[in-house]
Structures are given as structure tokens and as C-alpha cells.
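The structure is shown first.

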Amino acid sequence: MAAGIVVLFFLTAYIYPAFFIIGQISMSAILVITVYDYYILYKRRSGFIATRVCPNRLSNGDDNKILIVLENRYAFPVHTNIIDEIPFQFQRRDVNFSAEIKSKETKIIEYALRPVKRGVYHFGIIRVYVSSGIRLVIRRYDLGAEQSAEVYPAYLQIRKYELMAIHNHLSDIGIKKVRKIGHNIEFEHIKEYVEGDDFRTINWKATARKNELMVNLYQDEKSQNVYSLIDKGRVMQMPFEGMSLLDYAINSSLVLSNVAIKKEDKAGIMTFEKAFDGFVPADKKRNQMRLILNFLYKQSTTYGETDFSNLYVRIKHKLKRRSLLLLYTNFESIHSFERQLPYFRKLAHAHLLVVIFFENTELTSLINTRPDDTLGIYRKVIAEQFAHEKMQIVKILRKHGIQAVLTKPGELSVNIINKYIELKARQLI
């Protein structure tokens, strides 16, 4: 703007020569001020500090908090533009912040990154552009250190569910309380009645002695094997909100395994594609969750065709005890499902099988729209046909005594936990 005023003076001097001297004086003043501005910004070797606070592990599919700590060491307030060089996998160009920072002040900028693929992510440096109140000179600082972070399956969801369980807020995210049918044989102890306890467990003799309601507490059946079977085939490649169905299944398996171990059951993992390629035996030892987390982190796939016959043979060979099998897969047509049904029936004969597959949310959106032309009507009819086939698959599975969960990808973990709690309450495992 200052340069524009000087140019205006010189242009005016063609008509009024007196403005030529004013333009020269103005240009000299701007030059002096610019030199002064340059001096106060560059006289200190490190007048500004910026560091990035980032965890070594990021949680896949979750918002991960990243902090940038800014410190102004100048003797005057500064205006800053900050660009953080985030990993290329995010494909974002908007991690750019502006801040006014007083002298000797420290300011923290917080933002979130949501990775959608597992692996190693590399952060670059932090570029900070600093100017004084004069704003004629801008000094660039290349600050912070390059660093790497590994994106693991959604371990933040484990903490979220645990904290909500502690504070009895699970219903806020859709986890249902399921009334138990009957009681297990093993009596644990007598405790004070609290809201939500089954009134049928009231111990009237203990109530008379204590002069307050007391209930019998029965112990759940423990040490049941709970296996998550993850299909890594072509059908799990479909994305939802940037993340593949495979990664949704991996995240859900991790969360469910933690819930099962907290319930004193044994959690294990199996992965398969054309061949059976990964196995973590069910256990509830202290480091089991760490083993499962590291195993799921390393999973890779070619998204080839899935061989359920090979899966059946391997399960028959490896699992000699009746187990809960949570099979994560997907079907886009009833014909592809019918080819696999015989293997599901064989698995369900020896184990409690839950087949988990996904709603096509794009088709659901299409069904809920009002078509404007013949082509729109045709597309809506086709979408309704595919959605109907998904419901038919659920009915066929239940007809053969197989549990089924048809879910939106974003609601997968909640629905699987609900199914597990339901099966425990019904004493099916």
C-alpha cells in the first residue's frame, strides 16, 4: 500500500511538479523504514520458536489431536502465518494458520488429522512467516523437526468405550442394556441394590438383616473363545468416508476384542483371502491386546477372491472348542452369498457364527431421493432391488440358525458390541 502511495505521488508530479519532491521523500522514508523493519526481524538468530506435538501413533479412522507450540522471543508483538507440512496421505492444503503473538508470549494451535489407511506417515517441518507491526518485511523460519507416526487400528475407540463404560454413558453412543434371560449357575456375592439391577435377584433374607435392598450377583460365564474372522478379499475394498470396509472391520475387531477380554472371555483374530493367512489364538492374557493390535496393524491385502472353503478347513483344523465366530465380509448380490452359504452352515454346525456385512450407504441415499426423470426412476428401482437382496440375505441366514448383522460402516463397532452383549445375555456363548 505504501508503494502505491509513492507511485501515486510520482504520477501526480506530471501535472503538479511539486509532488515529485514529496514522492522522493516518501520513497526515502519507506526505504529507511524497510531497512529498520529488516533489522529488527533479522538481528536475532532465533527470534521465533515453533514445535509440533504429535503422538508416535495415530488412530486410524479417528480425529487425532496435533498441537503446534509457538513462542515469540522478540521484544515486540508479531504477526505470523504458519504452515505445517503434514503427510501427503491426507491430501490437504489447508493446514495454514494465522496468529498475533505478543512479545515473550507462548501460544498453542490445535488441529486434528483423520487418517484412513494404516502405515507410516511422515511429517515435514513447520514453516512460519513472521512480520512486525510495520509489515514491510517478512522473515521465514523453517522450524520443528521432521518426524514419523505410525497409523494403527483405532486404539482411541478402545479408550472411548472404556471411559464411557466407567461413567455409564454407553447408551449415548448406542450401546444397549440387554436384560439377561435366566441366571448362570455360579453365585458370586451379595451386594446393595442399585438402579438397573434385576428385581428378581433381590435377596430378601439379606435385605431383612441389612434393612436395605440387597441383591444376589451371579457370575457370567467366562473364558469363552471369541474370534474375529476378517475377509481381506475384493468385497472389502469398497470405501466409506475415505476408509475401506476392511479397515472398518479391523477397527471393529480391535474394539470387540478389548470388550471380550474385559468380560473375561478369550479374544482371537483370523484373517483370510484366497488362503488362510493370519491367526492369533484366543487368549485373555495381559499382553493379548498388544499382540492383536500389532497383528492388525501389519495386515495387507491384494483384494483378491475369497476362498471360504479354505477358511472352513482351517477353522475345523485349528478350533477344537465351540467358539463365537464374528465373520466380517460383504455381499453385493444374493447370488454371491448363495455360493458361500454351504460353508456358513458347516461353520454354524460346530460354532456360534455371526455373519457381519454392510449396507451400501450410497444406494440408501439414492433410494431416499425423489427421481426427476426416467433414468432416475430406473436407478432408484435398481438400488431398491439391491437393498432388498441384502435383507433377503439376513432372512436366509436366520432361517439356517446363523446370526446376522447388516450395518452401516460408521455404526459397525456399536452394532457388533450390542450383538456380543445380546449373545452373552441370552447365554448362547
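## Contacts of His-79

In this predicted model, the side chains of His-79 and Arg-135 are joined by a polar contact of 3.5 Å. A further polar contact, of 2.5 Å, links the side chain of His-79 to that of Glu-100. His-79 itself belongs to strand 4, which covers residues 78–84.

His-79 has a relative accessible area of 18% and is therefore classed as buried, because the limit for that class is under 20%. Leaving aside residues up to four places away in sequence, His-79 touches Ser-98, Ala-99, Glu-100, Tyr-129, Val-130, Ser-131 and Arg-135.

## Salt bridges around Arg-127

The whole structure contains 15 salt bridges. One of them pairs the side chains of Glu-85 and Arg-127, with an N to O distance of 2.8 Å. This pair connects distant parts of the chain, 42 residues apart: Glu-85 lies in the loop between strand 4 and strand 5 (96–101), and Arg-127 lies in strand 8 (residues 126–131). Glu-85 is partly exposed at 27% relative accessible area, and Arg-127 is partly exposed at 22%.

Arg-127 also forms a salt bridge with Asp-142, where the closest N and O atoms are 2.9 Å apart. Here the link runs between strand 8, which holds Arg-127, and strand 9 (residues 139–143), which holds Asp-142, and the two residues are 15 residues apart. The relative accessible area of Asp-142 is 40%, so Asp-142 counts as partly exposed.

Arg-426 and Glu-422 meet through their side chains in a salt bridge of 2.9 Å, N to O. Both partners are partly exposed: Arg-426 has a relative accessible area of 37%, and Glu-422 has a relative accessibility of 23%.

Two or more lining residues come from each of helix 3 (155–166), helix 5 (245–262) and helix 11 (412–425).

Sorted by class, the lining of the second largest pocket comprises eight nonpolar, six polar and five charged residues.

Methods: Residues are numbered from 1 along each chain as its sequence is written. This is a predicted model: local features need pLDDT of at least 70, side-chain atom pairs count only at pLDDT 80 or more; totals for chains, interfaces and linings use all residues. Side-chain values use heavy atoms; hydrogens and water are left out. Helices (H or I, at least four residues) and strands (E, at least two) are DSSP runs, numbered from the N terminus. Ala, Val, Leu, Ile, Met, Phe, Trp, Tyr, Cys and Pro count as nonpolar, Asp, Glu, Lys and Arg as charged, and the others, Gly among them, as polar. Buried means under 20% relative accessible area, exposed over 50%, partly exposed in between (1.4 Å probe, protein chains only). A polar contact is a pair of N or O atoms within 3.5 Å; within protein, one must be able to donate a hydrogen and the other to accept it, and residues adjacent in sequence count only if both atoms are side-chain atoms. Contact means heavy atoms within 4.5 Å. A salt bridge is a side-chain nitrogen of Lys or Arg within 4 Å of a carboxyl oxygen of Asp or Glu.
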